[in-house]
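Trainee: I've got a new model open and I'd like to learn how to read it. Can we go through it together?

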Amino acid sequence: MSVYPGDPRFHSRTVSSFKLGNMCEVSELTIGSHCGTHIDAPLHMIPGGAPIESMPLENFYGPCRVLTLPCAVISDKMLQEMNVREGERILLRTDPEGKWTRKGRFNPAVMSIRAAQLLAQLHVRLVGIDSPTVENMEQCDGEVHRTLLAAGVAIVEGLCLEEASGEHYILSALPLNLPAENGAPCRAVLIQE
């Protein structure tokens, strides 16, 4: 599972086990709210923003488009050329061969602030990316997040999209229901139409 540098990593500890003579298997899990594939709530980047459970579930389930843009920076011009439309769910496939994932490194692809502003103006329901963040990890001023989240655009980060060679899918990426939290891990699945 990819973890943003400095964030808590996933840990599992056996609490009960058949090997120990217990009647069932039980584990204690420790995981950061932004570990692996996850959803950012407005509270993640906006002081007093809405927590994860307040986000409309319909943003996370339904038709979506996977846009293959093998580049380091997603620009507003690229999104305009891909004909992004109002209310869509958009997934950005920036590492089509999975070269970053195979090397165990972070995909450095990011979204420009102008691209975020365009998506906010179009009121897209959701934007997802196969990078650990939509922000520039070196600059990381939070502006891309705040622009999207303030406009009600759901953000899914850390997607694995190398096998998504088509464009049109049904997306299911429901966040764990973690009351009052700033984000949540999710299991993102693409279903071919």
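Trainee: Among contacts in the protein chain between residues at least 6 apart in sequence, what percentage join residues at least 24 apart?

Mentor: A contact means heavy atoms within 4.5 Å. Here 68% of those contacts link residues at least 24 apart. Bear in mind that this is a predicted model, where local features need pLDDT of at least 70, side-chain atom pairs count only at pLDDT 80 or more, and totals for chains, interfaces and linings use all residues. Residues are numbered from 1 along each chain as its sequence is written, and side-chain values use heavy atoms, with hydrogens and water left out.

Trainee: How many helices and strands does the protein chain have?

Mentor: Those are DSSP runs, numbered from the N terminus: helices are H or I with at least four residues, strands are E with at least two. This chain has four helices and twelve strands.

Trainee: What does the radius of gyration say about the protein chain?

Mentor: You take it over C-alpha atoms, and the globule rule is 2.2 Å times the number of residues to the power 0.38. For 193 residues a compact globule would come out near 16 Å, and the protein chain has 17 Å, which agrees. The C-alpha trace spans about 60 × 40 × 35 Å along its principal axes.

Trainee: And Ser75, buried or exposed?

Mentor: Buried is under 20% relative accessible area, exposed is over 50%, and partly exposed is in between, with a 1.4 Å probe and protein chains only. Ser75 counts as buried because its relative accessibility is 19%. Across the protein chain, 46% of the 193 residues are buried.

Trainee: Where does Ser75 lie, and what does it touch?

Mentor: Ser75 lies in the loop between β5 (73-74) and α1 (76-81). Leaving out residues up to four places away in sequence, Ser75 touches Ser112 and Ala115.
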